[in-house]
Number of protein chains: 2
Amino acid sequence: MAAPNFDRTELEALLSKRFFYAPSFSIYGGVAGLYDYGPTGCALQTNLLTVWRNHFVLEEDMLELDCSILTPAEVLKTSGHVDKFSDFMVKDTKTGDIYRADHLVKGVLEARLEGHLLAKMGKLGVTGGDKKDAPAKPAGKKVKKGTVVAVQLSDEVANEYQTILAQLDNYDGPGLGDLITRLDIRALDTGNPVTPPVEFNLMFESSIGPTGQLKGYLRPETAQGQFLNFKRLLEFNNDRVPFASATIGKSFRNEISPRAGLLRVREFTMAEIEHFVDPLLKDHPRFAEVADVKLRLLPAATQLAGGSDITEVTIGEAVQSKLVDNETLGYFLVRIYKFLIRIGINPDRLRFRQHMSNEMAHYACDCWDAEIQSSYGWIECVGCADRSAYDLSVHAAKTKERLTVQQPLPEPIIEDVVQLTLNKKVFGPRFKKAARVVEDHLNSLDESQLLALQTQLATGAEVPVVAGDGNTYQLDASLLTIERVQVKHNVREFTPNVIEPSFGIGRILYSLIEHSYYLREGDDAQRGVLSFPTCVAPFKCLVLPLSNAEVFNPTVQYLARQLRRLGIAAKVDDSSASIGKRYARNDELGTSFALTVDFQTVKDQTVTLRERDSTQQIRQPVDQVLVILKELIAEETTWKDVVAKYPLFTAQEVPQ
Amino acid sequence: MAAPNFDRTELEALLSKRFFYAPSFSIYGGVAGLYDYGPTGCALQTNLLTVWRNHFVLEEDMLELDCSILTPAEVLKTSGHVDKFSDFMVKDTKTGDIYRADHLVKGVLEARLEGHLLAKMGKLGVTGGDKKDAPAKPAGKKVKKGTVVAVQLSDEVANEYQTILAQLDNYDGPGLGDLITRLDIRALDTGNPVTPPVEFNLMFESSIGPTGQLKGYLRPETAQGQFLNFKRLLEFNNDRVPFASATIGKSFRNEISPRAGLLRVREFTMAEIEHFVDPLLKDHPRFAEVADVKLRLLPAATQLAGGSDITEVTIGEAVQSKLVDNETLGYFLVRIYKFLIRIGINPDRLRFRQHMSNEMAHYACDCWDAEIQSSYGWIECVGCADRSAYDLSVHAAKTKERLTVQQPLPEPIIEDVVQLTLNKKVFGPRFKKAARVVEDHLNSLDESQLLALQTQLATGAEVPVVAGDGNTYQLDASLLTIERVQVKHNVREFTPNVIEPSFGIGRILYSLIEHSYYLREGDDAQRGVLSFPTCVAPFKCLVLPLSNAEVFNPTVQYLARQLRRLGIAAKVDDSSASIGKRYARNDELGTSFALTVDFQTVKDQTVTLRERDSTQQIRQPVDQVLVILKELIAEETTWKDVVAKYPLFTAQEVPQ
């Protein structure tokens with residue numbers, strides 16, 4: 001749902017004009033799902049990542065990594081991505097156009113439900129574009145792209161559609177195929193039948209080295225690099241858990257049909273945290289600090305019942321009731337919430353949605369998405385998954401590296417075990433080349449099998465065993481000893497679990513832009529404003545001379561130099577546009593403050609300081625204004641405090 | 001050349017132990033040319049990039065962009081990379097091992113020259129490993145990897161080898177092939193003959209989208225994204241040049257045989273600037289500020305004469321004498337120099353080497369590399385090329401977009417031109433479908449041809465012309481007018497030239513580590529220190545309790561909190577290692593300062609502040625120390641000032 005009066009076309013025009021971002025390679029016709037960030041978007045992103053780094057890496061003492069994007073196939077085979085990191089696609093049987101299967105089902109069912117509503121309201125026919133005011137046309141079987149057919153459905157069917165939509169993320173490929181057949185889902189653009197869904201792996205493939213023999217992929221997430229460095233990280237952390245690593249970097253997914261601007265792209269910046277924790281100790285030392293924070297939750301159970309009602313509870317209650325699995329997961333949900341609010345996301349348009357079981361990634365055992373509402377609907381912007389011990393376990397099994405924590409036990413643990421000891425002096429010479437395969441066979445026996453063997457050998461008989469090579473070998477008591485012994489463990493060894501908050505920076509950035517955007521009445525027309533919090537605003541301050549009269553230059557230059565010295569990102573706008581136009585341009589850039597140099601400046605060395613959202617101004621001596629500005633940007637004071645302390649300035653001059 | 005007493009093995013052990021960086025995917029056996037940065041290296045890189053962004057983007061008001069890495073083939077075809085971005089490789093004819101041709105020639109000739117020196121010193125035979133003290137062995141034709149054969153060469157041959165090495169970057173593939181044949185260059189590892197050099201394109205290929213029909217590459221440089229956005233950037237800059245764009249991001253080159261650690265890798269972070277400038281106005285408004293800065297230059301002419309002597313001149317002189325082509329190029333050389341010195345590069349181990357003509361990239365018209373000396377020799381770390389109008393021109397020609405600047409002229413320029421005007425009313429009906437091809441033919445005529453045609457038509461005769469379709473068409477005076485007219489130009493249109501400083505961040509980072517590294521006598525052994533300037537040090541401050549006695553905790557926690565509040569990257573080390581060991585560990589991390597909490601702290605709330613390089617300490621009250629530390633890190637004061645003001649503290653306690 002969009003905010004009231006929100007017009008995406010207008011916002012997009014602003015974003016393009018002010019070069020927040022634009023389709024990549026547009027002079028070559030562009031490539032779907034690839035975008036370039038301009039100076040404004042790039043600064044916004046850099047600031048957003050700085051807040052992120054302070055909020056997570058510095059405040060939580062995380063170990064930041066920067067790992068390779070190119071990844072050999074073997075790593076992603078082990079992690080499960082080669083086999084399972086895919087979406088389902090269908091083809092229009094006549095045109096060959098490709099759709100993502102779940103998106104097609106969603107599009108068709110939503111259109112049918114909309115047609116149902118129209119029909120119930122008494123409108124017959126076909127609508128296109130702006131659905132409310134579209135002219136009615138006769139319903140037909142084949143209709144053009146983006147059209148809605150006003151056909152009333154039975155309540156039963158309408159309810160079924162709604163339930164399917166609520167659970168859509170829970171369908172796999174065959175499930176989607178069944179829906180497509182049963183509900184006669186056809187290609188949106190042509191009305192043609194579509195093929196059954198086929199799996200399409202979302203990773204970009206390449207080959208590494210001059211021989212072309214080493215197959216690789218562009219990483220689809222930054223997580224694997226962090227897992228593979230687990231041993232080094234553990235050592236860096238003095239062999240203690242819990243600790244967290246973090247990575248900010250690009251990942252790549254070959255989306256089937258990219259759309260919705262920055263929300264579904266093929267190359268994107270992620271910020272991912274891997275928090276390694278003892279599986280038996282998932283409480284969090286700082287949980288008490290956040291227990292009272294209320295979150296808006298959408299549990300899996302609600303969705304499975306076909307609903308979407310929000311449960312608003314404190315995270316303390318949610319963890320206590322086991323709705324959220326453990327304290328660490330809960331702690332991170334709150335930290336994510338606080339980060340998003342800090343950068344300017346509207347809390348009323350933010351919710352945490354729990355994954356349903358089939359929806360969960362192949363590695364996850366519980367997962368909550370921070371979803372942000374924009375004109376595109378509710379969009380996953382942060383995932384927060386408990387990946388359990390999945391990744392470390394599979395990489396350890398594949399590479400034979402011990403990706404575990406060894407923890408000294410306060411008291412040793414005594415354990416009874418059945419121990420097999422080979423008499424190597426006899427064993428080796430007896431079996432020669434086959435010694436290895438016989439040994440492997442013996443090692444594969446469990447305790448009861450070993451004890452049974454021991455009983456047989458104790459009779460003094462030769463015992464035939466069939467080893468892994470299919471041959472039979474004769475054992476006797478001279479070759480080995482099997483006995484019950486007590487083993488003392490001084491160390492507990494375990495594979496840590498991983499809690500993973502994973503941020504899609506482009507999605508957050510776009511949502512933030514929508515939440516920050518509003519229209520203000522201008523001199524001649526409504527004008528867009530982007531009311532970013534100062535901490536993320538691309539530019540903090542605009543410096544502008546009232547006109548391009550020479551006499552303003554020294555003060556403009558002085559201000560620019562001082563702002564640079566203070567590390568404040570500022571822009572000088574000495575173009576010939578009117579002062580009102582330049583303020584408006586700046587509101588569109590989301591610049592928090594403006595300093596204006598006018599004829600009074602020349603007389604008394606005062607300048608005006610304007611705040612973007614209130615458009616209020618004060619007038620003070622240049623150096624005093626710089627002090628105020630510095631405090632505002634460091635968030636040591638607020639604009640409310642400033643106008644309480646200094647008189648408002650209202651008599652804006654006009655150029656002479 | 002390495003610094004005196006430098007031992008790379010020791011440094012590499014330190015870098016691995018303190019997790020600056022490590023080979024990627026090492027638990028899977030690793031992939032050559034791919035590295036992961038650990039917490040220390042990652043923080044070092046982030047700080048280095050922050051200094052870079054302040055030094056260039058903020059101070060020079062550049063427009064930062066973040067563009068797509070995935071790039072459609074057509075773009076890189078146009079830019080010349082598909083055809084020309086390659087190195088030459090040769091294969092061992094027996095083993096199939098692959099070498100980069102120029103590296104092989106260099107390796108073999110250097111080994112021969114070394115053998116020549118050994119032989120002249122009277123050592124006969126073969127050496128391996130540490131060359132000075134190796135035992136003499138008889139010379140043989142096939143010797144093992146890394147060995148040097150002591151064979152004296154004629155002075156003539158030795159001189160020729162030296163000249164070839166000085167000019168090696170100037171050889172193309174066939175040239176290298178000739179050298180290999182003529183000088184009997186063989187595979188280093190086996191002594192086998194090698195194949196003639198073949199070109200190998202260094203770009204990683206992939207395909208974009210689900211159909212696999214759109215071929216793409218991973219960008220080999222960030223520059224193309226900046227060129228493709230030229231129109232948007234120009235508009236953002238109010239249609240004025242000069243201006244510069246900048247990008248920090250990853251690029252990819254499929255190196256034939258990556259080696260030398262971070263110096264030759266397949267995936268790397270670059271920081272690139274594209275400065276767009278009027279080709280007729282390459283002076284720079286701030287050149288006077290830098291004109292007196294002396295640089296160490298290695299001109300192309302010196303290299304072509306087989307030499308490597310440095311010319312040390314001010315950039316003012318270098319530009320005046322045309323050694324450096326223009327002020328803008330010279331200005332950037334100084335800015336690069338200042339950046340490198342600021343982050344801690346040793347100025348005596350830094351030079352600017354001019355490219356020789358064949359060496360220059362396909363787009364460049366003049367180029368200087370900032371080369372930094374390390375144990376691997378002189379390595380290009382920053383390129384500074386004048387790419388002329390090459391890139392904008394080829395993209396404009398390919399896409400038909402006008403990638404030009406339109407500049408209002410102060411005085412209109414009046415120009416005499418010969419103008420062709422078609423009488424469309426007659427022309428169209430006469431030629432019908434062929435009208436287009438006849439018109440194209442007329443438009444292709446130059447002024448003298450048009451005037452000749454005019455003379456013929458003026459006789460009233462029909463004039464036959466052969467158009468592009470091979471057919472003959474009859475023209476007469478009713479169809480067109482050709483006349484001399486005066487045209488007034490109010491606007492000058494030109495394609496800007498581009499000056500491109502391009503930074504290899506990994507190479508700079510590694511060189512910086514070598515320049516910062518030294519050994520200090522410790523209690524029991526020499527210990528490594530990394531004396532990074534504070535602005536780039538991965539961690540600014542260590543906080544450590546004298547022992548793990550409970551009584552120190554409150555102050556340690558207080559300090560950690562305060563440092564976080566001040567935005568100072570700090571680490572607490574409360575491990576059980578001795579205080580000396582923990583200081584040493586910290587010297588290895590390059591941490592500038594340490595705060596130690598001891599029993600005196602508990603009594604009088606003072607702590608000691610230790611400086612890494614001098615190992616001097618002062619002791620002051622906690623909050624006073626925080627103020628001093630803040631000033632030190634902001635570079636508002638120096639350690640010299642601090643010890644001049646506060647007494648040194650020498651009586652270090654030992655844990656009780």
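This passage describes the contacts between two chains and a selection of local features within them. The structure is a predicted model.

The interface between chain A and chain B comes first. In chain A, 79 residues are in contact with chain B, and 79 residues of chain B take part in return. Together the two chains bury about 6,600 Å². Carbon and sulfur atoms account for 61% of that area. Polar contacts also span the interface, with 31 residue pairs counted between chain A and chain B. On the chain A side, helix H2 (residues 39-58) supplies the largest share of the touching residues, 7 in number. The side of chain A that touches chain B is made up of 37 nonpolar, 20 polar and 22 charged residues.

Between chain A and chain B, 6 salt bridges are found. One salt bridge joins A:Asp61 to B:Lys571, with N and O 3.5 Å apart. Side chains of opposite charge can pair when their charged atoms come close.

Salt bridges are also found within the chains. Over all chains, the structure holds 81 of them. In chain A, A:Asp613 forms a salt bridge with A:Arg612, and the closest N and O atoms are 3.0 Å apart. A:Asp613 is partly exposed, at 31% relative accessible area, whereas A:Arg612 is buried, at 3%. Chain A also contains a network of salt bridges that links A:Asp87, A:Arg100, A:Asp102, A:Glu255 and A:Arg264.

B:Glu401 lies in the loop between helix H14 (390-399) and strand E19 (405-422), and B:Lys231 lies in helix H9, so the pair ties together parts of chain B that are 170 residues apart in sequence. B:Glu401 is partly exposed, with 27% relative accessibility. B:Lys231 is partly exposed too, with 42%. The second salt bridge is between B:Arg342 and B:Glu635, and its N to O distance is 3.2 Å. This pair links distant parts of the chain, 293 residues apart. B:Arg342 sits in helix H13 (residues 327-343), and B:Glu635 sits in the loop between helix H22 (622-633) and helix H23 (639-645). B:Arg342 is partly exposed, at 37% relative accessibility. B:Glu635 is partly exposed as well, at 40%.

A:Gln303 is found in helix H11 (residues 300-304). Its relative accessible area is 2%, under the 20% cut-off, so A:Gln303 counts as buried. The side chain of A:Gln303 has polar partners. It reaches the backbone oxygen of A:Pro299 at 3.2 Å. It also makes a polar contact with the side chain of A:Arg353, at 2.6 Å. Leaving aside residues up to four places away in sequence, A:Gln303 touches A:Ala166, A:Gln167, A:Leu298, A:Arg353, A:Gln354 and A:Met356.

A hairpin in chain B is built from strands E20 and E21, with 5 residues between them. Strand E20 covers residues 463-466, and strand E21 covers residues 472-475. The two strands pair in the antiparallel sense over 4 bridges. In one of these pairings, B:Pro464 has B:Gln474 of strand E21 as its bridge partner. In the turn, B:Gly470 has a positive phi of about 90°.

In chain A, the peptide bond from A:Val241 to A:Pro242 is cis, with omega near 0°. A:Pro242 lies in the loop between helix H9 (230-236) and strand E12 (243-252). In chain B, the bond from B:Val241 to B:Pro242 is likewise cis, with omega near 0°. B:Pro242 lies in the loop between helix H9 (230-236) and strand E12 (243-252) of chain B.

Positive phi values occur in residues other than glycine, including B:Asp61, where phi is near 55°. B:Asp61 is in the loop between helix H2 (39-58) and strand E3 (63-64) of chain B. B:Asp61 is partly exposed, at 41% relative accessibility. For B:Lys432, phi is near 45°, again positive. B:Lys432 is in the loop between helix H15 (424-431) and helix H16 (435-443) of chain B. B:Lys432 counts as exposed, at 63% relative accessibility.

Conventions. Residues are numbered from 1 along each chain as its sequence is written. Chains are lettered from A and ligands numbered from 1 in the order in which they are written. This is a predicted model: local features need pLDDT of at least 70, side-chain atom pairs count only at pLDDT 80 or more; totals for chains, interfaces and linings use all residues. Side-chain values use heavy atoms; hydrogens and water are left out. Contact means heavy atoms within 4.5 Å. Buried area is the accessible area (1.4 Å probe) that two parts lose on being put together, summed over both. A salt bridge is a side-chain nitrogen of Lys or Arg within 4 Å of a carboxyl oxygen of Asp or Glu. A polar contact is a pair of N or O atoms within 3.5 Å; within protein, one must be able to donate a hydrogen and the other to accept it, and residues adjacent in sequence count only if both atoms are side-chain atoms. Ala, Val, Leu, Ile, Met, Phe, Trp, Tyr, Cys and Pro count as nonpolar, Asp, Glu, Lys and Arg as charged, and the others, Gly among them, as polar. Buried means under 20% relative accessible area, exposed over 50%, partly exposed in between (1.4 Å probe, protein chains only). Two strands pair if DSSP finds at least two bridges between them.
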